[in-house]
Amino acid sequence: MISTDLNSTNENYNLEVIRSMLSEQGYITDASVSMSVFLSLQLNKPLLIEGPAGVGKTEIAKVMAKALHTDLIRLQCYEGLDSTHALYEWNYQRQLLHLKMVEHSMQSVYEKEKIIFGDEFLMKRPLLQAITHHQKPVLLIDEIDRSDEEFESFLLEVLSDWQITIPEIGTIKAIHIPQVILTSNRTRELSEALRRRCLYLYIDYPDFAKEWTIVKNKVPAIDAKLGEQICRFMQTLRQMKLEKLPGIAETLDWAMALSSLHLNHLDKTAVEQTLGVVLKDWRDTRQVQMSLSELLETAGVHSKIDNL
Amino acid sequence: MITRQTSMSANVVQFCRFLRTHHFATSVEEEAAALAALLFVDCSNRQTFRLALRTVICKSRKELQEFDKLFDEYWNELSKAIDSKVKTKAAPALRPGSKDASFNALKSWLNGNRSYEIEQTASFSSQESLSQKDFATVPSDEVDELMRSIKALSKRLAAHLTRRYEKSGKNNFPDLRKTLRKNMRHGGELIEIAFRKPKRNRLKVVVLCDVSKSMDLYATFLLQFMFAFQQVYRKIETFTFSTSLQHITPLLKQPDFSTTLVSMNNVSDSWSGGTRIGESLNKFVEEHGKRLLDKRTIVIILSDGWDTGKIDLLEKSMKYIQKSGKKVIWLNPLAGYTHYRPATAAMQTAMKYVDVFAPVHNLDSLRQLTKWL
């Protein structure tokens, strides 16, 4: 097997192997995605992935972890995320309980301290987990644009030194440097410094061919004509000025929904009834409903003859 | 890393320099990474070669979009320059026989045909003068410069906002005092533990910007300011008003300012119209007041106070806004003039309910905002 070979000889990735690895795991790529993944593995650099919501940014990390037969450690960013949630924390309750239990024993203060600041009282958060993992993990730092700038600069430090200092224990160096993937929805611009540490990849909405391949792969039960029409319709939909454009995730949901209704082609009533799967904003829904016939026509789904 | 200077690696380095002249942020680090990357890919295939360089060098979407064009430009030009037998009428400097000339031509072309020292001093001095310059008098070629300054400034403002309420970097710290108190009933045995958390920054900002005809000269810059501010500080809601009120927060949440401007133009029919501050503020209070205003909200009103609307409505709304908000800041571009007095009826009425009244006509005055927030 290709993948088992990869584990033993870490250095020997090759572009073709990466491509087939990704597609084996069911991820449809294009050249720039596989090149980015390949080079980030080879050069040991973090990969920063930007793009609109729902185009499969997070999926890359999951697929990579699977393909490399390693674990995925995920750090979900949010506003107010700070180092104790990202790095480590002492288990205070346990420390206090432990001290209570050994209150009357003859241990010296030094010994007691040594125990309560030991490994079992340390709660590892994702970043610490990642650098002390027994094998090289994939570390996914999801939606980094949601965290605040303080955290971003803190992250820079970790990403360049690969060591974490805990005052009570000392400095912990990374056993294996994790493979890092950062994702961002571009709700705010990331700092130049962070960009410079990473390789950059932008994933856009897929074109028709790519989307159709993805649908075929993920919803194998779907009727060929229906699937094609769904993808065409989505492509047209994304040309509109909507508040929130639907991503691949929505396409797949919709394809699954329609195929479980055992439809074999798209028609106006079906679209109207299931529009909620695709559009998640009432203004968008209203706008699309009003121009539905036109939309279907431009998508080539619904010829005028059907209407008669 | 690579030490041997092959012509390939020399070219890649030169290509990186070329990109730098086109405003790419390509440092030595990227050059090294690019060379390292080329070890792993098939360089004879131009597509692969290009893709590898693009992956390593580009650091933003803008750079990604420009890369292919520059790549072609460079490598095509290079092949012309290297092969001196190729005679092109368009570039007489490349004529065989004058090797130096062709080298110099290539060099100056690579450097983007410009002299750096001059440009740098020029930009420095312009920044100096810009911060004092009234927005209304900024010539169009200095707008870029100003926009950059505004961006940097709003970043600092936002950082200031967050830092103030950050009490400690650590979360979930046990609160010893509370813990002891709580456990008194257990005879001092520590069973329940109380925690304390740093106070999260809950400060919200609501911006109401006048975009009527009289504010025309300032609106673009104020918009840019609001845009930049929205990018770095999330708890902010922005409205524009002239004769009616418009909620523009979603429009400001675009990746770049030009997109924002385009979509703004599509929706705003009331731009550069008359002003009815009272009606607009009243609409704000009625539709959004309950939801947006609380004691942690700072309301910033950007307007010159020239008003043709109803005064009693203005008074009523201002009263409500001040009562339910934390602070009301009225920024008036006209207040920068020394002889300005808030003499209009609207301004005089509003003054009673304003906590801070300040000028906003140049960068310096925007910078002063830090003081009030």
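**A tour of helix pairs and the A–B interface**

Start in chain B. Select helix H12 (residues 277-292) and helix H13 (residues 311-324): the two pack at an angle of about 35°, and their axes lie 8 Å apart. Keep in mind that this is a predicted model. Look along the pair and note the hand: H12(B) passes H13(B) in a left-handed crossing.

Now show side chains. On H12(B), pick B:Ile277, B:Gly278, B:Glu279, B:Leu281, B:Asn282, B:Phe284, B:Val285, B:Gly289 and B:Lys290. On H13(B), their partners in the contact are B:Leu313, B:Leu314, B:Lys316, B:Ser317, B:Met318, B:Tyr320 and B:Ile321. Colour this set by type and you get 9 nonpolar, 4 polar and 3 charged residues.

**Across to chain A**

Select helix H12 (residues 224-237) and helix H13 (residues 248-260) of chain A. Here the packing angle is about 145°, with the axes 10 Å apart. The crossing of H12(A) and H13(A) is right-handed.

Which residues meet here, from H12(A) and from H13(A)? H12(A) brings A:Leu226, A:Ile230, A:Phe233 and A:Met234. H13(A) answers with A:Glu250, A:Thr251, A:Trp254, A:Ala255, A:Leu258 and A:Ser259. By type, this contact divides into 7 nonpolar, 2 polar and 1 charged.

**The whole interface**

Zoom out and show both chains. Select the residues in contact: 41 come from chain B and 39 from chain A. Between them, the chains bury about 3600 Å², and carbon and sulfur atoms give 55% of that area. Next, highlight B:Lys59, B:Arg61 and B:Arg234. These supply 19% of the area that chain B buries against chain A, more than any other three residues.

Turn to the polar links. There are 7 residue pairs in polar contact between the chains, counting pairs with both residues at pLDDT 80 or more. The count of salt bridges between chain B and chain A is 3. For one of them, select A:Lys45 and B:Glu29, whose side chains meet at 4.0 Å, N to O.

Which elements of chain B give two or more residues to the side that touches chain A? Colour these:

- helix H2 (28-38) and helix H3 (46-57)
- helix H4 (61-82) and helix H7 (143-165)
- strand S1 (173-174) and helix H9 (216-232)

H3(B) gives the most, with 6 residues. Overall, this side of chain B holds 18 nonpolar, 11 polar and 12 charged residues.

**Last stop: H3 against H3**

H3(A) passes H3(B) in a right-handed crossing.

From H3(A), show A:Ala31, A:Ser32, A:Met35, A:Ser36, A:Leu39 and A:Leu43. From H3(B), show B:Thr48, B:Leu51, B:Ala52, B:Arg54, B:Thr55 and B:Val56, which the H3(A) residues meet. This contact between the chains divides into 7 nonpolar, 4 polar and 1 charged.

Notes: Residues numbered from 1 in each chain as written. Chains lettered and ligands numbered in written order. Predicted model: local features only at pLDDT ≥ 70, side-chain atom pairs only at ≥ 80, totals over all residues. Heavy atoms only, no water. Contact = heavy atoms within 4.5 Å. Buried area = accessible area lost by both parts, 1.4 Å probe. Polar contact = N/O pair within 3.5 Å; in protein donor to acceptor, adjacent residues only side chain to side chain. Helix = DSSP H or I, 4+ residues; strand = E, 2+ residues; numbered from the N terminus. Nonpolar A, V, L, I, M, F, W, Y, C, P; charged D, E, K, R; others polar. Axes fitted to C-alpha atoms, helices over the stretch in contact; angles between N-to-C directions. Left-handed = near helix turned anticlockwise from the far one by under 90°.
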